[in-house]
Amino acid sequence: MASESTQNRMFQLSFNSLTGNSEWIVVDEYDDVSNLPSAVDLATTSYLDMLNDSERNKAYRLAIEKTVTRPCHVLDIGNINISFFGVMDGMSSAGTGLLSMMAARAMRISDQAVGSGDRGSVTACESYLPMVKLMRKVLRQNGMERKIKVINKRSDELNIGVDINTRADILVSEILDSELLGEGLIPTLQHAHDELLVKSPQTVPYRATIYGQFVESEFLWKLHDLYNNEVCSDGIRLVPTELKGNLQVKSQQYPMHCDSLREEIKLLSEPFKIFEIDFWKRPESHEEAALHIKATDGGRVHAIVSWWVLQLDKEGTIFYSTAPRWIKGLWTDLSGGGHWCDHWKQCVWFVPGKGLSVSKDEIVQLHAAHSDTSISYQLESLRQTNEGDCYSHRKDIELTLSPEKIATYSDCNWRHSMITTLEHALCKRDFQYCFVADDSVFLATALTHLCKTPHAMLLFPGLRQKGFHYLQALAKINQFSLHDFKLLDHRQDCTLMQDTAEKKVDLFVGEPFYYGCETQLPWTNLRFWKERTRIEGMLSSDAQVVPCKGILRVCVMSLPDLWRSRCSLTDIEGFDHSVVNAVLGACGNLPSPQEGPMLPCSIWQCGETMELSEHFTLMEFDFSKPMSSCSGETKVEFIKSGICHGFVIWIDWLLDAQNDIMVSTGPDHRLWRQGVKLLAEPVTVGNHGVKHSEVSTLVDIKAVFDSSAGELLIEHAFGRL
């Protein structure tokens, strides 16, 4: 969200998920951070999860105390990248000032340190103004505001003699994401060594090493290879041979909790070292490595799982790792991988196509390369195969989708539900005009197959021309006409009848799927309802709307790992962080009526989980009518005893009420995200047979949907039968 900033003011982009519209909001240095729109953004980031990572906190404290042993100038710098919605890419930065306070305490800096020169001082730079404001609150809470100089700039904007008097002797930083390099670690270190640090500085961390491992996994294969997995019998081919490589996932590493896949993946190699990045010296922008990996078993290499090990001190006695648990069992001297956390995961690199078939003891040649911000891989035998592939993809019609959407489009059950619903709708009458209200290339393609004379308007609010150009390429290959297909201007407040030659819309369809919004809360897809309402005057009196309803569903669950990562903060390595709880979206011990935010989560990625109830309906959204605020409630009885940490909420899409065709996006479906409402405090629950008076046997849950803001409010009350 942050785009431009000055020393005292910042412009922040506010995004309305129901309309797709955005507006700029001015954030002033003196505004109360808890009342800003940015407070909501910070509450859904990984800052809180990171601060709750006790192993990470302890490792940094030990390394800083071991390194900062004399009066000197310590510089604490964070990342220089901020993503589109204002959420920093991996949430590492000077942040709340925790590392700065550790350094100041290790030096025993006096209250007169700030402004008295750089010798025996700590400087923290943070570019995101809402975070700067929060950091200053933390410093005041701990009596550190005069011991640490806070600069509201990126580290590459600092100038010696202007912002700081002298070069720093020690650098403490946490410029890390799951891939290691994605937050700009290399350019940030390069600039620091060139402009901000003494010739031979000390650094915390000292070094990071990236490791990888070959794995076989049908699930991971389906997340990226639509061409070889599109084997359904519906006659629709989104990726014909001529367009092989044109509809795909972005070639990059994807953060993922691989422990959740341990029972269904096959390890095909021992862990191997890929790259080593030293913080204490200027890193290279580009490096390559030729590795020879011995296969430990026969199978097909579908992916490379990678992680990193952080050596925080020069002597190599303090470590932190993002390794999966199966590695932690082998490397028992590493900390960081024995507990679940969401701020750092493992990374998955998809091997192109069907993967590489290997035999036990076979030597596989792997070429690895890193740029300033990313790491890529190439298996040599596959490189030769791809170089000989006559179907090289065309850049002008290249379309990239998320791994979950690629897997959805190859799911025969999902496709069958969509196709059957369209067939039922189309057989009822001759349709004049169809309206595709989202970014569904699949539904647009299906209409060309199922309609004899299709007339369709395509919204494609996210894909825009890229989606339409891909559809045109499909039409040319499959010899169907797009003459009566029109791409609309999604920015217009209303669609005019002239777009349909003064004829009404008979079929209004969506998955719904809005490109770029896949990681948001499930009810942001009610934008489909908003679009249907927007063209109310253009719909025929008996228009078919697909899906016809959205059904808000809930399940009460035990989520100990997720709750622990989001619980409220008090003392972190001797520093009071209670002032950040409300802003960072903590759950537990918050002053009434404050509550933690609703979080978008993939439940299968949330560590230890257990369903304590059946799935219940909270309310229904009727898409045959214009959008309106609504509410619903249900009484949930527990089927298992356990500790309840929150409610998992999602939308099941009723495609065809007459034939009961439904697409569920609940916690047992891995290709969709759910919403999670964590409790202020965990509650002990049990079924109706439990007699203990302190054990709840039911909970009343009420939901209220505000159609103007697109927000869902949840109220609850635990009790006994």
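Gln 479, with a positive phi near 60°, follows H14. The model is predicted: local features need pLDDT of at least 70, side-chain atom pairs count only at pLDDT 80 or more, and totals for chains, interfaces and linings use all residues. Residues are numbered from 1 along each chain as its sequence is written, and side-chain values use heavy atoms, with hydrogens and water left out.

**Helix H14**
- H14 covers residues 464-478, 15 residues in total, and spans 21 Å from first to last C-alpha, close to the 21 Å expected (1.5 Å times one less than the number of residues).
- Helices are DSSP runs of H or I with at least four residues, and strands are runs of E with at least two, numbered from the N terminus.
- Buried residues (under 20% relative accessible area, 1.4 Å probe, protein chains only) in H14 include Phe 468, Tyr 470, Leu 471 and Leu 474.
- Among the elements covering the buried residues of H14 are helix H13 (441-450) and strand S25 (485-487).

**His 191**
- His 191 belongs to helix H6 (residues 185-196) and is buried, at 19% relative accessible area.
- Leaving aside residues up to four places away in sequence, His 191 touches Ser 155, Asp 156, Leu 158 and Leu 196 (heavy atoms within 4.5 Å).

**Second largest cavity**
- The lining of the second largest cavity has four nonpolar, three polar and one charged residues (nonpolar: Ala, Val, Leu, Ile, Met, Phe, Trp, Tyr, Cys and Pro; charged: Asp, Glu, Lys and Arg; polar: the others, Gly among them).
- Strand S16 (residues 303-311) gives the largest share of that lining, three residues.

Conventions. Buried < 20%, exposed > 50% of the residue type's maximum accessible area, 1.4 Å probe, protein only.
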